[in-house]
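This report goes through a protein model by its sheets, its helices and a few single residues. Please keep the sequence and the structure in view while reading.

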Amino acid sequence: MASLLSVQNVTASYGSRVLFEGVSLAIADGDRLGMIGPNGAGKSTLLRILAGSEEPDSGVRSLRSNTRLAMVPQAPAFEQGLTIDAVLERSLDAAVMGEASARIAGARGRAELPGGDTPVDSLSGGWRKRLAIACALVREPDVILLDEPTNHLDLEGVLWLERLLRTSSFAALIVTHDRMFLENVASRVTELNKLFPEGSFTVEGNYSEFLLRREDVLLAQARHGEMLANKVRREVEWLRRGPRARATKSKSRIEEAGRLIDELAEVRTRQAQSTAGIDFAGSGRRSRQLMVCKGIGKAYGGRTLFSGLELALSPGTRLGVLGLNGCGKTTLLRILAGELEPDRGSIERADALVTVMFDQAREQLDPEMRLRDALAPLGGDSVSYRGRQMHVTAWARRFLFHVEQLDVTLGRLSGGEQARVLVARLMLRPADVLILDEPTNDLDLETLGVLEESLAEFPGALVLVTHDRYMLDRISTELLALDGQGGVERFADYAQWETAQRRAVPRATAASPQAPRPASRGLSYKEKQELEGMEAAILAAESDVERLDREVHSPEIANRAEELAAAWHALQEARARREQLWARWSELDARSKR
């Protein structure tokens, strides 16, 4: 398949630190390439090099002629005072201004944005991220580069983005740490990591396939390291026998011993991987019930967010909260944290209850503050953790910071490194009830894994809002879904919620101040008829997928290769048809509302 965009043997540094070197990567027609890697590995830098906005220290970037390229940055910024349509128009090249109206309406519809005259300043973080993606779509790109596109999107927004990427014709390179998103979207996965000799490692297939292949490669590297160590040990023992032994050796053998020692040192350097030491402390409280909510409700702007909510939090409770942007998730968290009072109902809290809330959006870091001062917020050179003093250098190493970084200002850290600072500060606050609002933004996969382990072992009660479906499913003992119209439902796990969503009658969600109703041109009579029949079509498509999935996994055809291949091919077509229907329903539904 022809390459649209590529880099060959590129190297990039940040100050005196080499981010990556000798990395090669290519994006071809139809690619959906997911990129992962540790915080600070240079993923955003590599994206900017691919986009042509930054030059590498060395190496070559190639873009096929007439290829249209668009990039969605991790933190999009828009000029104040503009409307949605004005922002989209500014994303267009002068050569296509004659098509501006059609392109803007099309991009706004695909992103399911509110009306074009909506002020951008009124949009929530999730809708601003959709607008940033629409700014790329309006250019009708052949290749789109997305840096952490799921950050700030709610779950419905993430599912929308999955459908968009699976059903669009452009190639995409997506930097993300959302594992389920990678599983559902990626056709290839690459990891940017000095752990690998070439600086990166790429696998054809989704995230599950990548994990399997990565494990094989790391095992092979470990065996190679053991073999090298044994060779070096024998050579060194021989050399240590004295001048007579060395005299029997040729000069080339001595040089070979030196080469082996250097190679072993390089392998060991690559294998020296660290993970953040995240471990949340409970207060040690023995109370059976920490918090009991009786019939609580809350309204905002004349709209009931939730009503009649009954909830009990005890040690070991891990409650996940689901819902669209504007449905009341953060409002509920703030009520549980004691920052807001419910309009109705009551909350009983255990005596001297310690509740700690983490909200990345509201806990701002001073970009001019030094790292050492952020990690030790009470001043001095030590922190108090679990009743004992720990020097700030040891505390920094626990979160994968180097000693030489302690005097670096926070503004020079990557988004992932800043996220680790916030988690480090949170760990210094023992809690009975830990409330987390989107704690996973910008964290790399290794840190996410450690965070999950710590949350699973947290002895108190946990309330979690996250768009990371993998974490939500793994950590939560129960899910609470808000519909933003007063309704509350409970589910055992994410799969049960997803099944309920797919079987539900497609319906428009209520608008909110953060999520105004989309507006675009109305539907024709034929399209209205199509929309009315969409529910039945989607249910039929779901039924086909379930039937074919059973057929593929039936033991009756397991040994009949031709029948199995045909069934598998039919299953893929049925899944594609189902996604096309969901995408078409989203488009028609958005256009039907004014």
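Which residue stands opposite Leu-464 in E18?

## Basis of the model

This is a predicted model, in which local features need pLDDT of at least 70 and side-chain atom pairs count only at pLDDT 80 or more, while totals for chains, interfaces and linings use all residues. Residues are numbered from 1 along each chain as its sequence is written, and side-chain values use heavy atoms, with hydrogens and water left out.

Helices (H or I, at least four residues) and strands (E, at least two) are DSSP runs, numbered from the N terminus. Two strands pair if DSSP finds at least two bridges between them.

## The six-stranded sheet

Leu-436 stands opposite Leu-464 in E18. Strand E17 (residues 433-437) and strand E18 (residues 461-465) pair in the parallel sense, over five bridges. Both strands belong to an open sheet of six strands with the order E14-E17-E18-E12-E19-E20 and mixed pairing.

At the edges are strand E14 (355-359) and strand E20 (488-491), each of which pairs on one side only. On average, neighbouring strands of this sheet are turned by 20 degrees against each other, direction ignored.

Another open sheet has three strands in the order E2-E1-E4, with antiparallel pairing. Its edge strands, E2 (17-28) and E4 (58-63), each pair on one side only. Neighbouring strands are turned by 15 degrees against each other on average, direction ignored.

Strand E1 (residues 3-14) and E4 pair in the antiparallel sense over five bridges, and the bridge partner of Leu-5 in E4 is Leu-63. Helix H1 (residues 43-51) packs on this sheet and touches E1, E2 and E4; its direction makes about 130 degrees with that of E1. Such angles run from 0 to 180 degrees between N-to-C directions, with axes fitted to C-alpha atoms, for helices over the stretch in contact.

## The hairpin of E10 and E11

Strand E10 (residues 291-300) and strand E11 (residues 303-313) pair in the antiparallel sense over seven bridges. Met-291 has Leu-313 as its bridge partner in E11. The hairpin has two residues between the strands, and Gly-301 takes a positive phi near 60 degrees.

## Helices H4 and H5

Two packed helices are described by the angle between their axes and the distance between the axes. The axes of helix H4 (residues 125-137) and helix H5 (residues 155-167) come within 12 Å and cross at roughly 15 degrees. That makes H4 roughly parallel to H5, a term for angles under 35 degrees.

The contact (heavy atoms within 4.5 Å) is made by Arg-130, Ile-133 and Leu-137 of H4 and by Glu-156, Gly-157, Trp-160, Leu-161 and Leu-164 of H5. These residues divide into five nonpolar, one polar and two charged; Ala, Val, Leu, Ile, Met, Phe, Trp, Tyr, Cys and Pro count as nonpolar, Asp, Glu, Lys and Arg as charged, and the others, Gly among them, as polar.

## An aromatic pair

The whole structure holds six aromatic pairs. Rings of Phe, Tyr and Trp (its six-membered ring) pair if their centres lie within 6.5 Å; planes under 30 degrees apart count as stacked, over 60 as edge-to-face and the rest as tilted. The rings of Tyr-385 and Trp-395 have centres 5.2 Å apart and planes at 50 degrees, so the pair is tilted.

Most residues other than glycine have a negative phi. Asn-9, found in strand E1, has a positive phi of about 55 degrees. Leu-400 has a phi near 70 degrees and is found in the loop between H12 and helix H13 (415-427).

How values were computed
Angles under 35 degrees count as roughly parallel, over 145 as roughly antiparallel, 65 to 115 as roughly perpendicular and the rest as oblique.
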